[in-house]
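Please walk through this model with attention to the ligand site and to one pair of strands.

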Amino acid sequence: MSLALTIEDVSAQYGRTTVLDRLSLAVQPGEFVSLLGASGCGKTTTLRVVAGFLEPTGGAVRLGDRDIVKVPPNRRDIGLVFQTYALFPHMTVFDNVAFGLRQRKVTDAEVNRRVGEVLGRVGLGEFAERFPANLSGGQRQRVALARALVIDPSLLMFDEPLSNLDAKLRVGIRAEIRALQLQSGTTAVYVTHDQEEAFSISDRVAIY
Ligand SMILES: Nc1ncnc2c1ncn2[C@@H]1O[C@H](COP(=O)(O)OP(=O)(O)OP(=O)(O)O)[C@@H](O)[C@H]1O
Ligand SMILES: [Mg+2]
């Protein structure tokens, strides 16, 4: 399912430093919007507020019709992909991807079906039993992507997901990300500081 994301007059601070000052952004259901801006302008902070890791000091964040500001992060139904893959090193690819489903008490049969399906979609069907340490950077980032996709979230958010990859891989994986997002129709917010990447992957680019 895909829902609209509405950020309305959101302010956020760390201590007494204001980082976001009445930021507003509306993303349509199924739309892919990139956030582009200089280092330190507040892109990651914006994602942290939407994901629920930082409470805004003012304003509203809505997913569909629901105001999510008071909803705990694990109940927001958002798939996240970071620059560092944040995979569990002691778990296989399969278990890393299955983690979110098991937390949601999905049955074993359904976990097997959905993890198998999503690993196929990201081209990792053969790698289910590998550990993250035995994968390339691009493969690890595909695991992170599979983990975000498998919960079938209402919103996908990416924070510079390709920064740790070499230039050629960046272009390949960004095309895969876009193709998978179009296929699932999931609303997406994508942070990058690479202008060319932003314009090539998105429906729309928001500039700070
Ligand atoms: N935990 C924190 N405590 C205090 N200040 C912080 C904290 N995290 C970020 N900041 C400050 O808030 C501002 C915005 O940071 P943010 O991480 O959102 O920037 P960004 O746009 O994601 O930058 P980059 O492109 O370098 O990732 C910066 O000035 C940063 O120093
Ligand atoms: Mg950042």
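The paragraphs below take the conventions, then the ligand, then the strands.

This is a predicted model, in which local features need pLDDT of at least 70 and side-chain atom pairs count only at pLDDT 80 or more, while totals for chains, interfaces and linings use all residues. Residues are numbered from 1 along each chain as its sequence is written, chains are lettered from A and ligands numbered from 1 in the order in which they are written, and side-chain values use heavy atoms, with hydrogens and water left out.

Which residues surround ligand 1? The shell (residues with a heavy atom within 4 Å) consists of Tyr14, Val19, Ala38, Ser39, Gly40, Cys41, Gly42, Lys43, Thr44, Thr45 and Glu160. By class it holds four nonpolar, five polar and two charged residues, where Ala, Val, Leu, Ile, Met, Phe, Trp, Tyr, Cys and Pro count as nonpolar, Asp, Glu, Lys and Arg as charged, and the others, Gly among them, as polar. Helix α1 (residues 43-51) gives the most to this shell, with three residues; helices here are DSSP runs of H or I with at least four residues, and strands are runs of E with at least two.

Polar contacts are pairs of N or O atoms within 3.5 Å. An oxygen atom of ligand 1 lies 2.8 Å from a polar backbone atom of Gly40. For the side chain of Thr44, the distance from a ligand oxygen to an N or O atom is 2.8 Å, and for that of Glu160 it is 3.4 Å. The protein covers 55% of the 640 Å² of accessible area that ligand 1 has on its own, by the Shrake-Rupley method with a 1.4 Å probe.

Strands β1 (residues 5-14) and β2 (residues 17-27) run antiparallel and are joined by seven bridges; pairing requires at least two DSSP bridges. Leu5 has Val27 in β2 as its bridge partner. The two strands form a hairpin with two residues between them, and Gly15 in the turn has a positive phi of about 60°.

Key. A polar contact is a pair of N or O atoms within 3.5 Å; within protein, one must be able to donate a hydrogen and the other to accept it, and residues adjacent in sequence count only if both atoms are side-chain atoms.
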